[in-house]
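Here is a short report on a two-chain model. It takes each chain in turn, then the contact between them, then a few single residues.

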Amino acid sequence: MRVAVGGAETYAYTGARAFDAALPTLAFVHGAGNDHSVWALQSRYFAHHGRNVLAVDLPGHGRSAGRPLASVEALSDWVAAFLAAAGVREAALVGHSMGALAALECAARHPALVRRLALLGPAAPMPVSDALLDAARNDEPAAHAMIVGWQHAPGALLGGHPVPGLWMPGGATRLLERALPGVLAIDLAACNAYAGGLDAAASVACPALVVTGQRDLMAPPKSAQALIDALRDKRVVSLPNCGHAMTNEAPDRVLDALIGFL
Amino acid sequence: MKARLPLPTPMSTPKSHRFDTLSLHAGARPDPATGARATPIHQTASFVFPDCDHAAALFNMERAGHVYSRISNPTCAVLEERVAALEGGVGAIATASGQAALHLAICTLMGAGGHIVASRALYGGSHNLLDYTLPRFGIATTFVDPRDLDAWRAAIRPETRLLFGETLGNPGLDVLDVPRVAALAHDHGLPLLVDSTFTTPWLLRPFEHGADLVFHSATKFLSGHGVVIGGVLVDSGSFDWDGAKARGKFPTLTEPYHGFHDMVFAEESTTAAFLLRARREGIRDFGACMAPATAWQILQGIETLPVRMARHVENARKVVAFLAKHAMVAGVAYPELPSHRDHALAARLLPRGCGAVFSFDLRGTRAQGRRFIESLRLFSHLANVGDAKSLVIHPASTTHFRMSAEDLARAGITEGTIRLSIGLEDADDLIEDLSRGLHAAGKA
Ligand SMILES: Cc1ncc(COP(=O)(O)O)c(C=O)c1O
C-alpha cells in the first residue's frame, strides 16, 4: 500500500492482500535502520488470518519517502498520521526496538487509536553507547558491524537461521546498508534521547504485551523492567536463548506470542 | 549521567567470526535432538507437520521450516548458510550441480527475450548452455573478451538482464576485473553474476568487489575430493531490483507472482528477493535440488577448505615454476607469472594466489601431447578439476571439443594445450611425474 503522509509517499507492506475496512488492522513498526521486511513471517501470518496488515516503512526508510524523524515523539505522531491517512480508525500496534518506543508513545498520545500494544525488545530509557552513536555518525560500516554483533544471541552469529538457506548476520548487515546515509544515526539518537517511556507506559490504557529476548544485549530484559512495571494491563513473554533480532532469530516464538495476545 | 547500555565489551567492536572458523561452524550446531556433533544427514523426502495449521503456515511462508526436500532440507540448509557466510552473502541455494546453479540464476532473472553479456573465457559446459541451449528458450548471449570493458559496454542492450564471467576464466585463467565489470553492470541497472569455482571464497570474495551473485560448482574445490556433483548459488543481497536504473527490468522480482500467493518478492524481502524467487519458483519447479548426502560431503570438504586451498596454491606454484623453465613447454598460463596478461590485476585481486587449475602449452605434435598424458602415473586423466588428487586433461579434444577452431583460438586454446589441476600430493612427486611425461613426449 502507498499513501501520502504529510505530503511524503509512504509504503506499507500488506501481505499481498487488499485493505478490507471490515477487518481489524494490525500495524507493524520496525526498528532503527530497518524496514518492513523484518516482519516478513509474522506480518504474512496475520494478513492470511483475517487482519489488515500494515507493516510500514518509516519516513526515509525502505520504500518510504520523506526525512527520517528525529524523535520518538515525532515518530509516534507520524504513526497516528499514517493510520489516519490509510483510513484506519483503530489498530493494534506492534513495534520492535525503536518501533516499540514509537508504538508505546503513540498509545499514550492517541489512546482512541490504539486498541492493543505489542512491544518487542523495548527499553526505557534506551541509551545507546557513545561508541555506537559515534560510529553511526562517522563510520556506518563500523556501526553496522557493532549492531549485527550485538543484536543477535551469540549462537546466531554462527547461523542457524530458521528460514532455510538464509545467513542471519549477512541479511542483517545488508538491511542496515540499504538505509540511506545518516538515517541510522538519526534513529539511534532518537532512541538515546527518548525520556518519556515510563510516563507513556503509565498512561497506556489498552492491554500491552512485552516480548524480551533473554540474550538481548541491545535492550536487555532488565532495562525493560521499569517499563513493564509501569504498564497496567500487561503480559510478558520472555524468549530464552534469543537476542534483539527476535523476529529473525525466533520468528515462530514471536508469532506465537503475538497470536496469544492479539 | 544516564546509565549507558551495558555492553559486553564496551570498548571493542563485537567479534564476528573469521573465515577459518566459519568454514567449520557456520550454519551448524550440535544436533539438539541427539547431541550429534557432526551435521546429520537428514535423509528424508518430507517433514511431518505437527498439525494442519502449522502445515498451512509452512506452505504460506508464515512460519519457518522444511516441507519437502526438493524445496529445502536441513542438511542442505547448513551448506547454504556455510557458503553464504564464507562469501559474505545473505543466503544461498544448493543445487544439483554447478550447471543447475547457473541455470537457476538465469531463469530467476529472465525469460524468453532476455539477453546476457558473458565473458568468452568460460567453462565449456557454461558455454554450451548459453550459446546453444538457452537460445532455444529465447535467451540470447553475447560473448565478449573479458578484458575489453568497451566490448562489455557495447554488448549491453535494452533487453540485457545479466553480466556473467568466471573469476578465473577457463582455461587461460583470464582474471575477471570484478570491480570494473560490476561498476559497469550497475551503471546499466544490471547485476553481475560470477562463477567462483576456481577461486573459492578463500582466494576471492567477489561480493567485496561489487559482484551481486556468485555460483560455485561445489563438485570442485568446495567439496574438494572429487566425490560428488553439486552447486551453490549465493546472493549478496546488495542489488536493488527496484532501484531507479533497474526499474522494470526484473518483473520476476518486482511484480506479483501468480504462482506463489501473488507475492512481489522485492517487497517480501528487501535483501533476499532473488533467493525467494529462486527457491519458490526455480527449485520448486525445475527441481534441480541437491541431495542431503551430497550436501554433507561438501560440508566435510569445506571444513578443510582453508588448509587445502593453501596447499593447492603452494603446490601449484611449485609446479608452475618447474614447467615454466622446461624446454618442452612453450608457455604456462598462470597469472602470477609476469608473462600472463592479467599479472597486475591478479596481484591486486588475488593476493593469496591464483588457484590450482591452469594450462600450459606443450611444444610438439598432437601425438606428443597424447604421449605426455598417457605417460603420467600420479596425474589422473579425467574431466574434472579441484580434486585432492592431481588431474590432467587435453581441452581441445574434451571440455572444449564443441567449439570452433576460431572460438578455441579466441579462448586461448591450442592443440597442445594441457590443463592441470594440482592436488595435495607432495609437490616433488608431482614434478617427477610431469618430468617423466615430458621426457616421454620429447622422445615420441
Ligand atoms: C568453472 C566451472 N563452472 C561450472 C562447472 C559446472 O559444474 P558441474 O559440473 O558441477 O555442473 C564446472 C565444471 O567443470 C567448472 O569447471
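Of the 262 residues in chain A, 63% are buried. This is a predicted model. A residue counts as buried when its relative accessible area is under 20%. The secondary structure of chain A comprises 11 helices and 8 strands. The C-alpha trace of chain A spans about 45 × 40 × 35 Å along its principal axes.

Take contacts between residues at least 6 apart in sequence: 75% of them join residues at least 24 apart.

Chain B has 17 helices and 12 strands. Its radius of gyration is 23 Å, close to the 22 Å from the globule rule for 444 residues, so chain B is as compact as a globular protein of that length. Its C-alpha trace covers about 75 × 55 × 55 Å along the principal axes. In chain B, 60% of the 444 residues are buried. Among its contacts between residues at least 6 apart in sequence, 73% link residues at least 24 apart.

| Property | Chain and values |
|---|---|
| Accessible surface, chain A | about 8600 Å², 54% on carbon and sulfur atoms |
| Accessible surface, chain B | about 17400 Å², 54% on carbon and sulfur atoms |
| Charges, chain A | 19 positive and 21 negative side chains, centres 6 Å apart |
| Charges, chain B | 44 positive and 45 negative charges, mean positions 4 Å apart |

**Where the chains meet**

Together the two chains bury about 4300 Å². Carbon and sulfur atoms account for 53% of that area. On the chain A side, Leu158(A), Trp167(A) and Arg178(A) lose the most area to chain B. These three residues together make up 17% of what that side buries.

Gly99(A) sits in helix α3 of chain A, which runs over residues 98-109. Is Gly99(A) buried or exposed? Its relative accessibility is 0%, so Gly99(A) counts as buried. Leaving aside residues up to four places away in sequence, Gly99(A) touches Val29(A), His30(A) and Gly31(A). Leu75(A) is 24 residues from Gly99(A) in sequence, and their C-alpha atoms are 8.4 Å apart in space.

Ser23(B) lies in helix α1 of chain B, residues 19-25. Ser23(B) also has 0% relative accessibility, so it counts as buried. Which residues does Ser23(B) touch, not counting those up to four places away in sequence? They are Arg82(B), Leu86(B), Ile302(B), Glu303(B) and Pro306(B).

**Backbone features in loops**

Most residues other than glycine have a negative phi, and most peptide bonds are trans.

Where is the cis bond next to Pro125(A)? The peptide bond from Ala124(A) to Pro125(A) is cis, and its omega is near -5°. Pro125(A) belongs to the loop between β6 (114-120) and α4 (130-138) of chain A.

Ala16(A) is not a glycine, yet its phi is positive, at about 60°. Ala16(A) is in the loop that links β2 (8-13) and β3 (25-29) of chain A. Its relative accessible area is 34%, so Ala16(A) is partly exposed. The range for that label lies between the buried cut-off, under 20%, and the exposed cut-off, over 50%.

In chain B, Asp262(B) also has a positive phi, about 55°, and is not a glycine. The loop between α9 (251-254) and α10 (265-268) of chain B holds Asp262(B). Asp262(B) has a relative accessible area of 36%, so it is partly exposed.

Terms used
Residues are numbered from 1 along each chain as its sequence is written. Chains are lettered from A and ligands numbered from 1 in the order in which they are written. This is a predicted model: local features need pLDDT of at least 70, side-chain atom pairs count only at pLDDT 80 or more; totals for chains, interfaces and linings use all residues. Side-chain values use heavy atoms; hydrogens and water are left out. Helices (H or I, at least four residues) and strands (E, at least two) are DSSP runs, numbered from the N terminus. The radius of gyration is taken over C-alpha atoms; the globule rule is 2.2 Å times the number of residues to the power 0.38. Buried means under 20% relative accessible area, exposed over 50%, partly exposed in between (1.4 Å probe, protein chains only). Contact means heavy atoms within 4.5 Å. Accessible areas come from the Shrake-Rupley method with a 1.4 Å probe; for residues, only the protein chains shown count as cover. Lys and Arg count as positive and Asp and Glu as negative; His and the chain ends are not counted. The place of a charge is taken as NZ of Lys, CZ of Arg, CG of Asp or CD of Glu. Buried area is the accessible area (1.4 Å probe) that two parts lose on being put together, summed over both.
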